[in-house]
Structures are given as structure tokens and as C-alpha cells.
Amino acid sequence: VTVLGASGTGKSSLVRAGVVARLRLGALSGSECWPVVVVRPGVEPADALARCVAVLAADPTPVRVLVVDQLEELFTLGASPSHRAAFVDALIRWKSADGGHRLVIVVRSDYFDACTDLPGWSGEFGGGEVVVGPPTDHELRRIVSLPSRAFGTTIEPELVDLVVREAGGAVGALPLVSTALL
């Protein structure tokens, strides 16, 4: 599956704190035992991917999950076209090598067209896109208030109201909200 959305809409949070966390809690039968590795391409995408694939290969579990977060780094951090193609080819080979391999890709929507131009992308990864938009006011209220409950505290309702009023509906607001609440 490929998770798409504008910068700051919560794609990485959805995958890391949502999908990965739920898998680790056993949301799918046996998923609490599945190894999950998250990789960001970074400045050396092939090396980063090779390290993560090696970790997964060492695990005897029949189902393995690889999450490629911030795939747009293939374009923003200076990887050459040949390095981009090699990265995608390695992903395709990993995904195809074993029926138990599961792949989640997270990418900013403004780079999705560039992804589809990469050799092999559309045939292997096309058709399984999930689009993440900015959170609704209700979702933003939950995003702001629920984490504090995990620590047995609460956030003043007036602060939650202020955050929702100032950031609600704004594309890219989540990183700013996160920074403001630190």
C-alpha cells in the first residue's frame, strides 16, 4: 500500500502510530509476531534499504513488514536517477521474493507523479494508494488531547480549543502543532 498526502497531514504518524502499532498489538492474526522495520531513504538510499532488508531477512517469521517512510527523500536529498531506479528495483525484488513480504510506502503527494515515472513503479505499486488529508477539527482535537491521557494527565480544554481554532483545516499544520505542544 502507498500512503499519500500533502506535507504535514500526518501520513507518517498514521503509519507509525496507527498501522505499525496496531500490527504489534495483533490487529491481524499473528501480526504481533511480525517483524516491522521502518526505513527512510536518506542520502544513501540503497545502503539504508540494504540494512533494513538484512534485518528482516534474519527473522524466521513467515510475514515481514517493511515501511518506507518519506520516500520523497529519493528526490529531495539528491539521489541520482539511477540510484532512484535501483532503490525501486530493490523494493520490487524484496516484495516479490517471498509471499510473506508486506510493504508500506509513505510519500508526499506532490512527489507521487515522479514516483510513477520510476521504472517498474506503476506495475508493482499502482492501485493500492490511500490518500491522507488534513485532519478534521474533531480529529485534531483527539490528536491534541489523547496522548496526554496515556500519561494520566489532561490538557486544558481552552488550549485544545485554541489549537483547533488556529490550526484546524490547515494543510501542513500537524508538525507545527506538535512543535507548539512540546
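Leu 159, Val 163 and Ala 167 in helix 8 meet Ala 173, Val 177 and Leu 181 in helix 9. Contact means heavy atoms within 4.5 Å. Helices are DSSP runs of H or I with at least four residues, strands are runs of E with at least two, and both are numbered from the N terminus. The contact of helix 8 with helix 9 holds six nonpolar residues, no polar and no charged ones. Here Ala, Val, Leu, Ile, Met, Phe, Trp, Tyr, Cys and Pro count as nonpolar, Asp, Glu, Lys and Arg as charged, and the others, Gly among them, as polar.

This is a predicted model: local features need pLDDT of at least 70, side-chain atom pairs count only at pLDDT 80 or more, and totals for chains, interfaces and linings use all residues. Residues are numbered from 1 along each chain as its sequence is written, and side-chain values use heavy atoms, without hydrogens and water.

The axes of helix 8 (residues 157-167) and helix 9 (residues 173-181) come within 11 Å and cross at roughly 150°. Therefore helix 8 is roughly antiparallel to helix 9 (angles over 145 degrees count as such). Axes are lines fitted to C-alpha atoms, for helices over the stretch in contact, and angles run from 0 to 180 degrees between N-to-C directions.

Key. Angles under 35 degrees count as roughly parallel, over 145 as roughly antiparallel, 65 to 115 as roughly perpendicular and the rest as oblique.
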